[in-house]
Amino acid sequence: MKRGMRRCFVPSRYRCDLHNRLQVLSQGTRTVDEYYKEMELLLIRAQIREDDESKMTRFLHGLNAEISDFVEMFPYNTLQDLLDQARRTERSIRQEWRNQSSSGRSNAAPWHRMQQTTTFVGACS
């Protein structure tokens with residue numbers, strides 16, 4: 001029944017579009033938590049089941065460079081370990097940014113830089 005309803009009411013491009021969005025997903029100006037929730041939501045909507053190692057790789061790849069470079073220096077065994085370390089790193093960077101901005105050194109958070117638009121041409125037609 002569910003499949004029949006989906007076939008009738010969900011456009012055929014929807015699943016392909018979800019895969020494309022997931023492929024190019026990056027943190028950008030989102031917080032670590034917002035980025036993680038978006039990734040999980042896209043995986044659920046696209047009906048993709050990944051093991052934790054694949055999710056960790058996907059998550060780490062999409063993090064901003066300032067966070068991912070720092071997180072990679074520490075050991076992590078689970079997705080939750082990786083997420084916790086990314087949150088701690090983000091808080092540390094944010095605190096450092098606040099300290100610098102109060103002393104007049106910087107006006108923008110490091111991850112609020114211009115994002116280049118990436119167009120992904122998928123195999124779906």
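View 1. Met 39 is buried, with a relative accessible area of 0%; buried means under 20% relative accessible area, exposed over 50% and partly exposed in between (1.4 Å probe, protein chains only). The model is predicted: local features need pLDDT of at least 70, side-chain atom pairs count only at pLDDT 80 or more, and totals for chains, interfaces and linings use all residues. Residues are numbered from 1 along each chain as its sequence is written, and side-chain values use heavy atoms, with hydrogens and water left out. Met 39 belongs to helix H3; helices (H or I, at least four residues) and strands (E, at least two) are DSSP runs numbered from the N terminus. Not counting residues up to four places away in sequence, Met 39 touches Leu 22, Leu 25, Lys 55, Arg 58 and Phe 59, where contact means heavy atoms within 4.5 Å. Between Met 39 and Leu 25 lie 7.4 Å in space, C-alpha to C-alpha, and the two are 14 residues apart in sequence.

**View 2. Helix H3 and its cover.** Helix H3 has 14 residues (32-45) and should span 20 Å at 1.5 Å a residue, which agrees with the 20 Å between its end C-alpha atoms. The expected span is 1.5 Å times one less than the number of residues. Buried residues of H3 are Val 32, Tyr 35, Tyr 36, Glu 38, Met 39, Glu 40, Leu 42 and Leu 43. Their cover includes helices H2 (13-24), H4 (52-62), H5 (65-71) and H6 (79-102). Just after H3, Gln 47 takes a positive phi of about 55 degrees.

**View 3. The largest nonpolar core.** A nonpolar core is a set of buried Ala, Val, Leu, Ile, Met, Phe, Trp, Tyr and Cys residues joined through side-chain atoms within 4.5 Å. The largest one has 21 residues, of which Val 32, Met 39, Phe 59, Leu 63, Ile 67 and Ala 86 touch the most other members. H2, H3, H4, H5 and H6 each supply at least two residues of this core, and the largest share, 6 residues, comes from H3. In soluble globular proteins, nonpolar side chains tend to be buried together.

**View 4. Lys 55 and Glu 50.** Lys 55, in helix H4, is buried, with a relative accessible area of 16%. Beyond four places in sequence, Lys 55 touches Met 39, Glu 40, Leu 43, Glu 50 and Leu 79. Glu 50 sits in the loop between H3 and H4. Leaving aside neighbours within four places in sequence, Glu 50 is in contact with Leu 43, Lys 55 and Arg 58. The side chains of Glu 50 and Arg 58 make a polar contact at 2.5 Å. A polar contact is a pair of N or O atoms within 3.5 Å; within protein, one must be able to donate a hydrogen and the other to accept it, and residues adjacent in sequence count only if both atoms are side-chain atoms.

**View 5. Confidence along the protein.** The average pLDDT (the predictor's confidence in each residue, from 0 to 100) is 84, and 82% of the residues score at least 70. Confidence is highest in H3, at a mean of 96, and lowest in helix H1 (residues 2-9), at 77. Over residues 113-119 pLDDT stays under 50, and for this stretch the model has 5 contacts beyond four places in sequence. The protein has 6 helices and 0 strands. Of its 125 residues, 30% count as buried.
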